[in-house]
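Have the viewer open as you read.

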Amino acid sequence: MPETRGAPKRRDERSQPSRGRDASGRDAPLYGALDLGTNNCRLLIARPTRDGFRVVDSFSRIVRLGEGLSRTGRLDERAMDRAYEALALCAERLARRGVPAARLSAVATQACRAAENGPAFVERVRQGAGLNLRIIDPSEEARLSVEGCVNLIDPAAQAALVIDVGGGSTEMSWLRKSGERYDTVAWMSAPLGVVTLAERHPEPPNSGEAWYEAMVADMGAAIAAGGVRQDELRDLFAQDRGHLVGTSGAITSLAGIHLKLPRYNRDRVDGLWMTRGDCEAAADHLKALGPSGRAREACIGPDRADLVLAGAAILEAVQRAWPSERVRVADRGLREGLLLQMMREARKQAGRRRRRRGRSRGSAPSTPA
């Protein structure tokens, strides 16, 4: 499939192009976006440009904050310590770059939402690391993920389904083309992510198709329970006028396996088109490798070896529920959405200040002759 025109080609061009003029150059202010998820802690620091933003620093660490949460309802002490250490490193990077609190958006998602002691952990982070994490609800998480990767939708498509596979939940957003825009017409949050699904279905010593199919069926039931029908959109997908956009480490890992990359390369993965057959072939390859083989894969590693097939099963369940021959892979999402939101609001505020100054000058009394 041809690449969508305008898709970012380099690591520092992650953003959705915007019509408004932004600051550019080295004097533009820095903004930070921090996402503490069930599995990962991620940070982006960026400067606004005329067409979006340019990333100047990034950080990502697997912390497994939600480990054991589905069994106990609480964040584990060791998991909180891992997450806190990563957040402290993020705070150091932000301080070193001089990003003020007013230009930082730091959010926590499913693990902190679901855990009985989630708010207490957020308070610990505020007091110890100086970071004000905001626990966001699933609807905001879905909206930000869409905003972060909407420019990867094929402009010829009439509909798209954006899938954000997290550690503890999966957000799905259905978009319909309206003029030159894509509007969200439905969304749902399934309470299954790669960590929760893998914990519900531990890999047996001699894992076979039945184990994988059990995960697909579990996610399929969660999608059905979401109650999103959208018959008109289903018709568009059936006519190949709609496609999927997948954003998550699980889906980018599948893309790396499909490309046979010797090491993960965002420039080759972000914006990649995969067919449904490509996704299934990558999943089959991962099944055949077994846990130790997956751990040796450069695009997976030991930290993801027990989770990547749960991600593949989630994608497979979505593809069965909403058949589409094309998937656009997005190495972007919630953090990019946070940055775009902050920069857009800053432009609006700057415009309001300019208008107020203009009215003030226009209403000044004239000097007597």
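What you're looking at is a predicted model, where local features need pLDDT of at least 70, side-chain atom pairs count only at pLDDT 80 or more, and totals for chains, interfaces and linings use all residues. Residues are numbered from 1 along each chain as its sequence is written, and side-chain values use heavy atoms, with hydrogens and water left out.

Start with the backbone. Most residues other than glycine have a negative phi. Q230 has a positive one, near 50°. Find Q230 in the loop between helix 7 and helix 8 (231-238); helices here are DSSP runs of H or I with at least four residues, strands are runs of E with at least two, and both are numbered from the N terminus. With a relative accessible area of 29%, Q230 is partly exposed. R64 also has a positive phi near 50°, and R64 sits in the loop between strand 3 (52-62) and helix 1 (69-72). Its relative accessible area is 17%, so R64 is buried.

Another loop to visit is the one between helix 6 (194-200) and helix 7 (209-225), where you'll find H201. H201 counts as buried because its relative accessibility is 18%. What does H201 touch, leaving out residues up to four places away in sequence? The contacts (heavy atoms within 4.5 Å) are W211, A214, M215 and D218.

Now for the charges. Side chains of opposite charge can pair when their charged atoms come close. The rule used here for a salt bridge is a side-chain nitrogen of Lys or Arg within 4 Å of a carboxyl oxygen of Asp or Glu, and that rule gives 29 of them.

One of these joins R82 to E67, with the closest N and O atoms 3.0 Å apart. This pair links distant parts of the chain, since R82 is in helix 2 (residues 77-97) and E67 is in the loop between strand 3 and helix 1, 15 residues apart. R82 is partly exposed at 30%, and E67 is partly exposed at 34%.

R320 and E213 make another salt bridge, at 2.8 Å from N to O. Here, too, distant parts of the chain are linked: R320 is in helix 12 (residues 308-321) and E213 in helix 7, 107 residues apart. R320 counts as partly exposed at 40% relative accessibility, and E213 does at 27%.

E280 is partly exposed at 32%, whereas R276 is buried at 18%. Elsewhere, salt bridges that share partners tie R134, E140, R143, E147 and R344 into one network.

R353 is partly exposed, with a relative accessible area of 39%. Together with R354, R355, R356, R357 and R359, R353 forms a positive surface patch. Patch members have over 30% relative accessible area and no salt bridge, with like charges joined within 9 Å and nonpolar side chains (Val, Leu, Ile, Met, Phe, Trp, Tyr) within 5 Å.

Note on methods:
Accessible areas come from the Shrake-Rupley method with a 1.4 Å probe; for residues, only the protein chains shown count as cover. Lys and Arg count as positive and Asp and Glu as negative; His and the chain ends are not counted. The place of a charge is taken as NZ of Lys, CZ of Arg, CG of Asp or CD of Glu. Buried means under 20% relative accessible area, exposed over 50%, partly exposed in between (1.4 Å probe, protein chains only).
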